[in-house]
Amino acid sequence: PAPNRVKIVEVGPRDGLQNEKSVISPDVKVELINRLGKAGMTAIEAGSFVSPKWVPQVIHQHFISYATNAHGITSDAKMAGTGEVISKMTRLPGRHYPVLIPNLKGLEHLLNLLAKHPPSPSSPPPTDEIAIFSAATDEFSKANTNCTVAESLARLEPVATTALQKGLRVRGYVSVVITCPYSGEVDYTKVKSVSRALLDMGCYEVSLGDTVGTGNPTSIREMLETVMGGSNGLPAQQLAAHFHDTFGTAVANVMTAIDMGIRTVDSAVGGLGGCPYSPGATGNVATEDVMYALKDSKYSVAGDLEAMVDIGAWISDLLGRQNASRAGRAITAR
Ligand code: HMG
Ligand code: MG
């Protein structure tokens, strides 16, 4: 890729919607993904195959009406119907639609689904990519996936190996790279070692999550210097910036990461979402804000800003929340 090409991974349908308080039907998710594809997003995180039991209380309550049937709570909670979503959505050629997978059970669900949809020239597979996730602290890892970081890496290893054998691309995430909601300041050397472990498993890229959104350009720079520097430093081309905007610094943090050579940015249309295991944290940096910040710069990015603004306004309206994209609000108000 050209050195000044910035790639956006649109995570709104997964990271965004997983924490929304209102219930979102699979059909709306399909429409969101289809609109994002039309607007030129080349990578769209479509959902997750996680345990329905691991739904945070606030979301759980909202999903009970949606997910409960005569048999109690079905498998369809929270990231409900990701299988349905990825089977129904339009898969544009050359695009990627990763789904989050926490363990072998989640991978099995995905592989069963893929077996039911053998690809043909006119119909690409529902997805060709998974994302696996660990964290920089045991405290967060336990809250999010019920195991320590070391245990999570051991659990993810066979997931990555099997997925690669099946021809899937594997992306990795490290959460809480700046601060942890349960243990405070994070040791950046831990971010580095966990990222290295994910690359060693065969991840083509590791996305660094400022899950709580407390980072600022100074701490982001220090963290990246640690991760990319020294012996065995990780190359910028294999890292992505995944920043939440709790303190309003996410755009500045993204620009810092780009300045340091990172060329992949995770963002969510309308700044959707938050993290269920990071109380008080707000959504991802808004895709529209990142696109606006890069406008007229030496960097180029795929996607149509005006179309993204329309999608941000539409989905915010539908969710009954204020559009969290500042650029989106400003452009809509014109
Ligand atoms: P556990 O309770 O230790 O797992 O959870 P378990 O193996 O004991 O299973 C418990 C029950 O869940 C069993 O059901 C399993 O069958 C079922 P039962 O037998 O009791 O009826 N189960 C599953 N069902 C469906 N799909 C599965 C699955 N696995 C087990 N894959 C586990 C461990 C990892 C499963 C759980 O903790 C989990 O699903 N965690 C995910 C939580 C989550 O979704 N977090 C949000 C995503 S991460 C994030 O947002 C951060 C990120 O954006 C980056 C950043 O911002 O930092 C990526
Ligand atoms: Mg996130």
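Me: How many helices and strands does the chain have?
Reply: This is a predicted model, so the elements are those of the prediction. The count for the chain is 13 helices and 14 strands.

Me: What share of the residues counts as buried?
Reply: The chain has 334 residues. A residue is buried if 20 or more other C-beta atoms lie within 10 Å of its own. The share of the chain that counts as buried is 51%.

Me: What pLDDT does the chain average, and over which residues is the pLDDT below 50?
Reply: The average pLDDT is 90, and 89% of the residues score at least 70.

Me: Which helix supplies the largest share of the shell around ligand 1?
Reply: There are 26 residues around ligand 1, and Val-50, Gly-106, Ser-175, Gly-209 and Thr-211 come nearest. At least two shell residues each come from helix H5 (104-116), helix H6 (138-145) and strand E8 (169-175). The largest share is three residues, and it comes from H5.

Me: How many residues in the shell around ligand 1 are charged?
Reply: The shell divides by class into 10 nonpolar residues and 13 polar ones, plus the charged group. The charged residues number three.

Me: What do the end C-alpha atoms of helix H2 say about its span?
Reply: Helix H2 covers residues 26-38, which is 13 residues. At 1.5 Å a residue, the helix should span 18 Å. The end C-alpha atoms agree with this, being apart by 18 Å.

Me: Why do the buried residues of H2 lie on the same side?
Reply: The buried residues of H2 are Lys-29, Val-30, Leu-32, Ile-33 and Leu-36. They lie on the same side of H2 because the arc they cover around the axis is only 160 degrees. In general, an α-helix has 3.6 residues a turn, so residues three or four places apart point the same way. For H2, the value asked for is an arc of 160 degrees.

Me: Which helices are included in what covers the buried residues of H2?
Reply: The cover includes strands E1 (5-10), E2 (43-44) and E3 (47-48). It also includes helices H1 (12-16), H4 (82-88) and H12 (305-319).

Me: Which residue follows H2 with a positive phi?
Reply: The phi in question is near 100 degrees. The residue is Gly-40.

Me: Why does Lys-190 count as partly exposed?
Reply: Lys-190 is in helix H8. Buried would need 20 or more other C-beta atoms within 10 Å, and exposed 12 or fewer. Lys-190 is partly exposed because the number of other C-beta atoms within 10 Å is 18.

Methods:
Residues numbered from 1 in each chain as written. Chains lettered and ligands numbered in written order. Predicted model: local features only at pLDDT ≥ 70, side-chain atom pairs only at ≥ 80, totals over all residues. Near = placed C-beta within 6 Å. Helix = DSSP H or I, 4+ residues; strand = E, 2+ residues; numbered from the N terminus. Nonpolar A, V, L, I, M, F, W, Y, C, P; charged D, E, K, R; others polar. pLDDT = per-residue confidence, 0-100. Expected span 1.5 Å × (residues − 1). Arc of directions from axis to C-beta. Contact = placed C-beta atoms within 7 Å.
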